[in-house]
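Student: Could we go through this model together, asking what stands behind each term?
Tutor: Gladly; let's have a look.

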Amino acid sequence: ENDFENFIKIINGPNSIDLNETVPFSLFESTDLVDNFSEDGMFFIEYAAFFGTFQIFNYMIQNGVEITMNTMKAAIIGGNSEIIELLIESKNKQFKNDNFYDAVFSHQNEIADKIFNSKLISFSPEILVDIIPSYNLEYVINKTKLLVTDEYANKADKYFLNQALFVAVEKNFPEIVEFLFTYRKFVNINYK
């Protein structure tokens with residue numbers, strides 16, 4: 001609440017701020033993601049979503065601050081479910097395929113599961129390969145278990161975990177290499 005009061009003082013102060021602009025560069029920023037968020041930088045609405053400050057985010061929405069195309073991505077990385085729900089309900093923003101990867105790579109596993117369970121994405125060996133570089137051990141293991149069922153294995157190529165193993169080795173992710181070797185019947189160790 002104190003942060004919100006300070007926020008209101010700053011935006012209404014003598015050097016008023018246009019909340020539809022991007023966050024200016026600062027040497028004191030806690031993460032380089034702010035400056036590298038997109039080609040344009042990070043807009044204030046994205047910044048509030050990124051840091052999960054619901055009260056400030058809600059204030060911006062109520063006062064007509066424009067939702068950018070990267071606001072959902074910032075909200076997912078920030079992990080504040082209230083902000084995500086507000087975007088979905090009030091602004092009719094829906095998850096996109098890329099949002100699944102945003103959630104996995106930022107280790108927001110509950111959000112990744114919510115996107116996954118919405119049937120927006122169906123898990124496959126190709127998606128497994130794509131998420132291994134996230135180093136999200138828990139999520140990679142849980143979703144790999146979906147692939148190694150007899151039902152899936154009967155429909156897939158015999159060695160459908162080969163590419164995932166290759167990427168895990170290439171990314172120096174020994175926990176995943178070890179895990180994938182527990183399913184040797186789906187891996188050809190002589191491959192590549």
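Student: Which residue with a positive phi follows H11?
Tutor: That is Asn172, with phi near 55°. A word on the source: this is a predicted model, where local features need pLDDT of at least 70, side-chain atom pairs count only at pLDDT 80 or more, and totals for chains, interfaces and linings use all residues. Residues are numbered from 1 along each chain as its sequence is written, and side-chain values use heavy atoms, with hydrogens and water left out.

Student: How many helices and strands does the protein have?
Tutor: There are 12 helices and 0 strands, taken as DSSP runs (helices H or I, at least four residues; strands E, at least two) numbered from the N terminus.

Student: Why are H6 and H7 called roughly antiparallel?
Tutor: The axes of H6 (residues 97-105) and H7 (residues 109-117) cross at roughly 155° and come within 8 Å. Angles over 145 degrees count as roughly antiparallel, under 35 as roughly parallel, 65 to 115 as roughly perpendicular and the rest as oblique. H6 and H7 are therefore roughly antiparallel.

Student: What makes the contact of H6 with H7, and how many of its residues are nonpolar?
Tutor: Contact means heavy atoms within 4.5 Å. H6 brings Asn99, Phe100, Ala103 and Val104, while H7 brings Ile111, Ala112, Ile115 and Phe116. By class, 7 are nonpolar, 1 is polar and none is charged (Ala, Val, Leu, Ile, Met, Phe, Trp, Tyr, Cys and Pro count as nonpolar, Asp, Glu, Lys and Arg as charged, the others, Gly among them, as polar).

Student: Are H9 and H12 roughly parallel or roughly antiparallel?
Tutor: The axes of H9 and H12 cross at roughly 20° and come within 10 Å. That angle makes H9 roughly parallel to H12. On the H9 side the contact is made by Leu137, Val140, Ile141, Thr144 and Lys145, and on the H12 side by Glu175, Ile176, Phe179 and Leu180. Here 6 residues are nonpolar, 1 is polar and 2 are charged.

Notes. Axes are lines fitted to C-alpha atoms, for helices over the stretch in contact, and angles run from 0 to 180 degrees between N-to-C directions.
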